[in-house]
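Please open the model in your viewer and keep the selection panel at hand. The tour goes from one stop to the next.

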Amino acid sequence: MTSAWIKSIPVAALALGGAAAYMHNNEAHARLPPTRQLKFPPSADFPDLTHHHNIMKNHLTPGVYAKLRDVVTPNGITLDQCIQTGVDNQGHPFIKIVGLVAGDEESYEVFKELFYPVIKERHNGYDPETQTHPIDLDASKIKGGQLDEKYVLSSRVRTGRAIRGIPHPPVCSRAERREVERVVTDALKGLPTELAGKYYSLTTMTDAEQEQLINDHFLFDKPVSPLLTSSGMARDWPDARGIFHNDKKNFLVWINEEDHSRIISMEQGGNMKSVFERFCRGINEVEKLIQAKGWEFQKSDNLGYILTCPSNVGNGLRCGVHVKLPKLSQDPRFNDILEKLRLQKRGTGGVDTAAVGGTFDISNLDRLGKSEVELVQQVIDGVSLLVDMEKKLEKKQSIQHLIPK
Amino acid sequence: MPNHNTARYTAEEEYPDLEKHANHMAHCLTKEIYKKMRAVQTPSGFTIDNAIQTGVDNPGHPFIMTVGCVAGDEESYETFADLFDPVIEARHNGYKKSDMHKTDIDPDHLKGGENLDPKYVLSSRVRTGRSIRGLCLPPHCSRAERRKVEQISCEALAKLDGELKGNYYSLKGMTDKQQDQLIEDHFLFDKPVSPLLLASGMARDWPDARGIWHNDKKNFLVWINEEDHLRVISMEKGGNMNAVFKRWCTGLQLVEKHMKESGYEYMWNPHLGYILTCPSNLGTGVRAGVHLKIPKLSQQPKFDEILKKLRLQKRGTGGVDTASTDGTFDISNADRLGFSEVELVQMVIDGVEFMIDLEKKLEKGESIEAEVDGLKQK
């Protein structure tokens, strides 16, 4: 896996004379400058995680830390940079957060003694050492996918993509972030009619444009969650951040928020099949366009698409609906049913929010180990079942026979 | 940590967008200076991008002209002199590269200040910071270095006795009861929320190796690993600034003596005085101030002008980022560098006496015009 990225250095970088420095730093495990390294032994730097609850803590033993503290990736990224968010945020016994970010594509390999077990725990035992991740963006394979619009208010599919050769938002420099913006916006200019649109840079958008983006619920703002800010991803805000959307307002790309890019397809109502079709078309087009300029997405056989947070590797796919389930959500079996269907619930405000008025954001629980088509089908089938259950409860009928084993 | 891709991009491509920024760093960091500074780093690996991050992330502040850059270690001020020198000059009244700073912590040199009127002066306080030579500063230090600062400081403080004898309360290890008491005494500091501070990286690993030491009499207090290695504070209710300063001088000198016994010393040089994280605190790092009840004077149109002439600054009673709510202000010296500790505390004492006189006159409905017009710039 590690040799693949060497071939993808754009010609421009070589022309800048970057090749020499790049090749010099090509050792997978370069050492830190001596001053820092020799001052204190790794044990003196080992973080106090006694009261912490996150997946990083479960696997960062003093032994692992001692082995990896003085190692850097070819981009100069350290383990301390990757774990900072998990050290700074104690977490909660009931909510399982990862507590770790990848500073670059290589972090997953260079620090695999930590990343691999974290991935295994977060993704239901998926073993990056032995398993291969399936990718399938062929929307024609989807069966059904027209959900009942009396209950399903909106449908959405999102993922992220990272540009190979450039470190991730927690540690990238301003020039690197600007390069990501350039590469992605160049590609977006080449999209075909249905997907063609406009890019709004967070730095230069007018007040009127900002208003409109807020009304459309497209605008993302500087993150306030300490889980995100302590990783370093909000540095230099709003430099090189922006939003692209097509004229039809159902295909949207976020640039340099939590990942290099987040790609979103959405629409009101329950036509998940159409949402996914557009999603696949959009991603495949963007990939072709960046490849034409010599760039690639970060990807590997065992981890699929590489993103900042280990929870998003694989396909980084969150396929979900806003669905009205006032009766079912009050049923004590609700959480259990969701778990069996491999679904998760969130409030309609997003990841850290609670549901309002019985309307939930329901999406796939899994990312790694299943393809996009599989996961979208799972959501379609699962939500259909949830809606059936809601209807039965409305008629005061039993749902016991509908509950999956 | 340096990003090894620096060589792949030019300084122009990396230069921050400072168009909407109004802080000292933004005013001083030209493209040429940035280009030059980008090619170097301190021995501990601190870069110019590390130093300016807080200023890039925080374009400006409604109440204060912020500095917008921090030091990661003692060497930062040398390695990045091309930025820090003009910032220091702008922030400290034209202080030049060739200027020498004077230190004077002899309380016998202070005149008066024993009884500032407690009807107006609710409390008196003197604080400064100190850094331990050889260890990186809060924006950049590793966990091991921060823990070493805590260890060295606690060992020195443990040797204090008499009036200054006290105890250390680690933020990590304190009991709920101890925490409640510290909050009640207004001694507890918490993880900073100001984006000015967070963006510099000083809150990493909180609350590891952070803590509060205070004496049994609760009037001498040391913060460990907050915004600086040490913050040394002397305070009490009422207006005896003289006693507050005397205790502060004694405490500071004893702590330094004990540290030297263990082979450590403070960061200091003859040009910049005591080295601290923020360039605004160089020199003495002294903020001597009172909580002053001046509801009438503070409403006067010339209030800010008076403060300026007295070389004083106002803050809300919640501290640096806050506003006053009820006519009670935190009044302290505006300067840090270029004046000695004694000189600065004297300015506070004299200035506060002056303002109390004005407030009394306003209470009686008398004019203060003559006094204000006659006031000369200190």
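**A buried asparagine**

Select N312(A): it is buried, with a relative accessible area of 4% (buried means under 20%, exposed over 50% and partly exposed in between, using a 1.4 Å probe and protein chains only). This is a predicted model, in which local features need pLDDT of at least 70, side-chain atom pairs count only at pLDDT 80 or more, and totals for chains, interfaces and linings use all residues. Residues are numbered from 1 along each chain as its sequence is written, chains are lettered from A and ligands numbered from 1 in the order in which they are written, and side-chain values use heavy atoms, with hydrogens and water left out.

N312(A) sits in the loop between β9 (304-305) and β10 (318-324) of chain A; helices (H or I, at least four residues) and strands (E, at least two) are DSSP runs, numbered from the N terminus. Which side chain makes a polar contact with the side chain of N312(A)? Show R158(A), at 3.4 Å. A polar contact is a pair of N or O atoms within 3.5 Å; within protein, one must be able to donate a hydrogen and the other to accept it, and residues adjacent in sequence count only if both atoms are side-chain atoms.

Next, select R318(A) and D361(A), whose side chains meet in a salt bridge (3.0 Å, N to O). The rule asks for a side-chain nitrogen of Lys or Arg within 4 Å of a carboxyl oxygen of Asp or Glu. R318(A) is in strand β10 and D361(A) in strand β12 (residues 359-364) of chain A, 43 residues apart. Both ends are buried: R318(A) has a relative accessible area of 7%, and D361(A) has 6%.

**Where the chains meet**

Now show chains A and B together. The contact (heavy atoms within 4.5 Å) takes 47 residues from chain A and 41 residues from chain B. Across this interface the rule finds 3 salt bridges.

Zoom in on K172(B) and D48(A), which form a salt bridge with their closest N and O atoms 2.6 Å apart. K172(B) is partly exposed, at 37% relative accessible area, and D48(A) is also partly exposed, at 23%.

**Last stop, in chain B**

Finally, select K102(B) and E343(B), a salt bridge with the closest N and O atoms 3.0 Å apart. K102(B) lies in the loop between α6 (81-91) and β1 (121-130), and E343(B) in helix α12 (residues 341-363), so the pair ties together parts of chain B that are 241 residues apart in sequence.
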